[in-house]
Amino acid sequence: RDFMLEALAQSGSALEYASEELQGDRDLVLEAVKQNGSSLGYASEELRGDRDFMLEALAQSGSALEYASEELQGDRDLVLEAVKQNGSSLGYASEELRG
């Protein structure tokens with residue numbers, strides 16, 4: 001775990017090569033997202049569907065909305081947090097929110 005934390009601090013995309021267990025580790029995934037928002041694509045489905053976790057991740061990188069669960073892509077507050085970080089993340093919001 002310590003080695004992966006160091007690796008992720010250098011390159012968030014290293015999450016792709018972490019074990020399934022570590023891809024579900026909240027702290028490790030947040031470290032990866034700080035480096036590279038798209039690394040969230042390698043996080044566990046459980047984390048990508050966890051509202052509190054996603055709020056933390058989106059505060060680091062709005063582009064991470066792309067990898068949120070479908071349900072969370074329709075969450076108004078969560079999408080607004082993403083847009084604060086990166087306006088183009090609105091493209092990943094649900095069709096319902098985009099009108």
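1. In helix 6 (residues 76-85), the residues Leu78, Val79, Glu81 and Ala82 are buried, where buried means under 20% relative accessible area, exposed over 50% and partly exposed in between, with a 1.4 Å probe and protein chains only. Because these four cover an arc of only 155° around the axis, they lie on the same side of helix 6, the arc being that of the directions from the helix axis to the C-beta atoms. The face turned away from this buried side carries the exposed residues Arg76 and Lys84.

2. This is a predicted model, in which local features need pLDDT of at least 70 and side-chain atom pairs count only at pLDDT 80 or more, while totals for chains, interfaces and linings use all residues. Residues are numbered from 1 along each chain as its sequence is written, and side-chain values use heavy atoms, with hydrogens and water left out.

3. The buried residues of helix 6 pack against helix 5 and helix 7 (95-98), contact meaning heavy atoms within 4.5 Å; helices here are DSSP runs (H or I, at least four residues), numbered from the N terminus.

4. The axes of helix 5 (residues 51-60) and helix 6 come within 8 Å and cross at roughly 15°, which makes the two helices roughly parallel, a label for angles under 35 degrees. Axes are lines fitted to C-alpha atoms over the stretch in contact, and angles run from 0 to 180 degrees between N-to-C directions.

5. Helix 1 (residues 2-10) and helix 3 (residues 26-35) pack at about 15°, with their axes 7 Å apart, and are therefore roughly parallel to each other.

Definitions and conventions: Parallel < 35°, antiparallel > 145°, perpendicular 65-115°, else oblique.
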